[in-house]
Amino acid sequence: MNRLRWPQKLAIGTGVLLVLWGVAGFFVTGFAKFAGEADTWVLGLRVNPLQNVIHLVFGAALLFAVPRLKALSGTGLLLAVLFLVMFGLGLARYDDEVVNFLNVNPGSNALHFLAGFASLATAQGAAWCRQCDRAAAAAVKPA
């Protein structure tokens with residue numbers, strides 16, 4: 001197929017935003033205080049170098065998986081799980097006993113929640129598109 005399907009477009013949009021977010025974060029944080037709380041902000045969201053690396057890697061993974069629906073399905077599912085784990089870690093940070101090594105605030109926690117479900121939608125959509133392609137190919141085959 002020469003045209004991009006909606007899961008591929010969603011992956012491109014999400015991946016580009018994550019990569020840009022990671023790069024913008026490095027302009028603010030540099031590489032100091034790699035993991036832990038810091039008073040560094042990008043557009044109202046707290047960041048640290050660990051989060052920047054995570055955003056860059058996750059965004060690049062989505063972008064590299066875009067050409068193949070099978071790869072996009074697996075990558076999207078993996079990233080959905082990882083983003084939702086990051087969301088859970090962000091929720092745990094409100095307990096005074098837990099170290100906030102991701103340097104999250106409610107805004108960045110919401111970003112992880114939305115990115116997790118965008119990745120899940122990408123994975124599910126890619127799997128659905130593959131099923132539709134198989135069904136269409138089976139219908140076209142002569143008996």
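Analyst: α3 and α4 pack with their axes 7 Å apart, at an angle of about 160 degrees. Axes here are lines fitted to C-alpha atoms, for helices over the stretch in contact, and angles run from 0 to 180 degrees between N-to-C directions. The helices themselves (H or I, at least four residues) are DSSP runs, numbered from the N terminus. α3 and α4 are therefore roughly antiparallel; angles under 35 degrees count as roughly parallel, over 145 as roughly antiparallel, 65 to 115 as roughly perpendicular and the rest as oblique. Their crossing is left-handed, a term used if the near helix is turned anticlockwise from the far one by less than a right angle, with right-handed for clockwise. The contact of α3 with α4 has 18 nonpolar, eight polar and three charged residues. In this classification Ala, Val, Leu, Ile, Met, Phe, Trp, Tyr, Cys and Pro are nonpolar, Asp, Glu, Lys and Arg are charged, and the others, Gly among them, are polar.

This is a predicted model, in which local features need pLDDT of at least 70 and side-chain atom pairs count only at pLDDT 80 or more, while totals for chains, interfaces and linings use all residues. Residues are numbered from 1 along each chain as its sequence is written, and side-chain values use heavy atoms, with hydrogens and water left out.

An aromatic pair also joins α3 and α4. F87 and F113 are tilted, at 4.9 Å centre to centre and 50 degrees between the planes. Rings of Phe, Tyr and Trp (its six-membered ring) pair if their centres lie within 6.5 Å; planes under 30 degrees apart count as stacked, over 60 as edge-to-face and the rest as tilted. F87 is in helix α3 and F113 in helix α4 (residues 106-140), 26 residues apart. F113 is partly exposed, at 34% relative accessibility; buried means under 20% relative accessible area, exposed over 50%, partly exposed in between (1.4 Å probe, protein chains only). F87, F113 and F117 form one aromatic cluster.

The whole structure holds four aromatic pairs. One of them, F58 with F83, is edge-to-face, with 5.0 Å centre to centre and 85 degrees between the planes. F58 lies in helix α2 (residues 49-65) and F83 in helix α3 (residues 69-92), so this pair ties together parts 25 residues apart in sequence. F58 is buried, with a relative accessible area of 10%, and F83 is buried at 0%.

α2 also packs against α4, at an angle of about 15 degrees and with axes 13 Å apart. That makes α2 roughly parallel to α4. The crossing is left-handed. Q51, H55 and L62 of α2 meet S108, L111, H112 and S119 of α4, where contact means heavy atoms within 4.5 Å. These residues divide into two nonpolar, five polar and no charged.

Finally, L4 is found in the segment before α1 (6-29). L4 is partly exposed, with a relative accessible area of 37%. Leaving aside neighbours within four places in sequence, L4 is in contact with K9, I12 and V66. The C-alpha atoms of L4 and P67 are separated by 8.5 Å, although the two are 63 residues apart along the chain.

Definitions and conventions: Helices (H or I, at least four residues) and strands (E, at least two) are DSSP runs, numbered from the N terminus.
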